[in-house]
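Dear colleague,

I am passing on the structure below for you to look through, and after it I have set out what was found. Please keep it open beside the text as you read.

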Amino acid sequence: MAARKRVAILISGRGSNMRALIEAAQGTDFPAEIVLVVSSRADAGGLAIAKAAGIETAVVDQARFRRENRDRAAFDAEVDEVLRDARVEFVCLAGFMRILSDGFVRKWEGRIVNIHPSLLPAFRGLKPQAQALAAGVTTTGCTVHFVVPELDAGPTIAQAEVRVLPGDTEQSLSARILEAEHKLYPAALKQVLSKT
Ligand code: GRF
């Protein structure tokens, strides 16, 4: 197998997709090594999971940037520096609740992917599970896609469908989609890295 790609995961919260990627990368035939987890929040639950797995972590604290009146470009420059210091080759966004600047995205274009809990292009943006329920669709799901400057709009890598069941709430639907995400994200990352 070719050398494993050095992958970073960017998170802001609980990090269950991050955990799925870390577990997949522990397999011998997985084309990625997770070398770094970066969080935009110091209190992200995912940080402890990453540390317990022996993975280097960094916090680029969005609250600190806000307090110091530093803009999005300054935040993204610090993330970029942390990634470069760790010699990261590929980036996975996993519940990273920040919109990245065009400059950052262009720099990483083709080497940065995201997971979104809907079948894009349907239900872009926030609360896609609630959007799906409000629209009355019978099938929704999740999408792994390349990140481009426009939000939730990059080329699709892989999708998984999830049925909306009678009586579903935002919570129950989100939980079922999340289970599908945990299978889809590692498979999609493997697919992409096997081609690069
Ligand atoms: C997931 O539903 C993901 O698709 C969305 O944010 C959620 C993150 O969950 N972008 P987790 O932090 O991976 O548990």
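**The ligand and its pocket**

A polar side-chain atom of Ser-16 lies 2.5 Å from an oxygen atom of the ligand, which makes a polar contact (a pair of N or O atoms within 3.5 Å). Please bear in mind that this is a predicted model, in which local features need pLDDT of at least 70 and side-chain atom pairs count only at pLDDT 80 or more, while totals for chains, interfaces and linings use all residues. Residues are numbered from 1 along each chain as its sequence is written, and side-chain values use heavy atoms, with hydrogens and water left out.

With Asn-17 it is a backbone N or O atom that lies 2.9 Å from an oxygen atom of the ligand. Taken alone the ligand exposes 370 Å², and the protein buries 86% of that (areas by the Shrake-Rupley method with a 1.4 Å probe).

Which residues surround the ligand? They are Arg-14, Gly-15, Ser-16, Asn-17, Gly-95, Ile-115, Pro-117, Leu-178 and Glu-181, where a residue counts as near if one of its heavy atoms lies within 4 Å. This shell divides into three nonpolar, four polar and two charged residues, with Gly placed among the polar ones. Both α1 (16-25) and α7 (170-195) supply at least two residues of the shell; helices are DSSP runs of H or I with at least four residues, and strands are runs of E with at least two.

The ligand sits in the largest pocket, meaning that more than half of its atoms lie within 2 Å of the pocket's grid points. A pocket is an open set of points on a 1 Å grid over the protein atoms alone, where a 1.4 Å probe fits, with protein on both sides within 12 Å along at least five of seven lines, and lining residues have an atom within 4 Å of a point. The volume of the largest pocket is about 1,000 Å³, and of its 40 lining residues, Gly-95, Phe-96, Met-97, Ile-115 and Pro-117 lie nearest its centre. α7 gives the largest share of that lining, five residues.

**Backbone details**

In the loop between β5 and α6 we find Pro-121, and the peptide bond that joins Leu-120 to Pro-121 is cis, with omega near 15°.

With best wishes

Note on methods:
A polar contact is a pair of N or O atoms within 3.5 Å; within protein, one must be able to donate a hydrogen and the other to accept it, and residues adjacent in sequence count only if both atoms are side-chain atoms. Grid points are joined across faces, edges and corners, and a volume is the space filled by probe spheres set on the points.
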